[in-house]
Amino acid sequence: MELVNISKPVLDPYPFETNIDKELLKTFLRNYWHYSFYIAAIYLITIYLLREYMKSKPAFELKRASFVWNGILALFSIVTTLRGFPGMVFAFRDYSFYNIVCNKSLSVETPTLTFWGTFFLFSKVWELGDTVLIVLRKRNLMFLHWYHHVVTLIVMWYAAYKEASFGTVLSYTNVFVHSFMYTYFTLKSIDVKIPVKYAMFITAIQTLQMLFGVLLSFWIYWLHLNNYECQTPKECLEILFVVYLSYLLLFSYLFYNSYIKPRSSKKHD
């Protein structure tokens with residue numbers, strides 16, 4: 001296996017999708033990726049203080065705010081999936097899976113992937129807001145929820161700063177899953193009755209997404225050990241492997257506890 005030169009877009013962009021200045025984006029990430037830690041710290045402190053404040057307060061309804069917030073994320077995820085996934089599919093016509101995962105020029109030479117991938121990075125900040133809505137509505141805030149938000153924000157910004165080649169595949173896999181997840185949350189926020197099987201499906205594809213991340217990380221690590229070229233830095237790969245493994249364990253537990261564990265056992269927890 002060897003990397004080949006990807007010198008043409010795998011998907012023709014719309015004019016507005018060519019407006020991302022790649023060098024400016026690189027400079028921003030190089031200088032400011034670590035700000036993700038500051039954003040995460042502000043987020044955690046805010047959530048803690050809000051939870052303390054809400055202990056003595058009645059829950060806010062916030063149906064409209066929740067509908068709008070989740071609706072924006074659902075619409076963004078669907079549009080990004082519709083624009084990004086064809087690019088990934090078309091890439092398979094001309095390139096091997098190895099090149100798609102290990103060659104960072106796939107995204108660089110395809111403005112559509114760069115455009116929506118950039119907005120995907122910043123959407124990780126926007127997503128933090130749904131935790132505020134959960135706390136103000138006094139809904140159950142799971143460890144998985146805020147842990148996933150914080151770690152994903154930091155790791156995705158770090159991977160983008162390092163120009164990790166497999167970040168493109170992982171990002172569009174993530175946004176594909178989110179197109180289902182945020183659509184579900186949008187409908188739930190206005191009390192639309194949705195079959196339990198749909199929620200089960202979402203948790204299942206989330207878990208499969210994490211399994212894919214673990215296996216992909218493991219495979220690329222094997223490539224490094226066997227001296228194959230892959231444009232994902234080893235130190236970045238090691239971090240992502242640990243993160244995706246933690247996600248896999250947490251989502252597997254959520255799936256088991258929500259849909260497999262006997263109901264009698266849940267009542268005694």
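Guide: Let's start at the bond itself: the S-S torsion of Cys102 and Cys230 comes out at about -85 degrees, so this disulfide is left-handed. Cys102 sits in helix α4 (residues 97-102) and Cys230 in the loop between α10 (196-225) and α11 (234-260), so the bond ties together parts that are 128 residues apart in sequence. Helices here are DSSP runs of H or I with at least four residues, numbered from the N terminus.

Before going on, a word on the model: it is predicted, so local features need pLDDT of at least 70 and side-chain atom pairs count only at pLDDT 80 or more, while totals for chains, interfaces and linings use all residues. Residues are numbered from 1 along each chain as its sequence is written, and side-chain values use heavy atoms, with hydrogens and water left out.

Back to the sulfurs: those of Cys102 and Cys230 are 2.1 Å apart, and a disulfide is a pair of cysteine sulfur atoms within 2.5 Å. Searching the whole structure turns up one disulfide.

How about burial? Cys102 has 0% relative accessibility and counts as buried (under 20% relative accessible area, with exposed over 50% and partly exposed in between, using a 1.4 Å probe and protein chains only). Cys230 is buried too, at 7%.

Then there's Cys236, which is also buried, at 0% relative accessibility. Its closest cysteine sulfur is the one in Cys230, but at 11 Å that is too far for a bond.

Conventions
Helix = DSSP H or I, 4+ residues; strand = E, 2+ residues; numbered from the N terminus.
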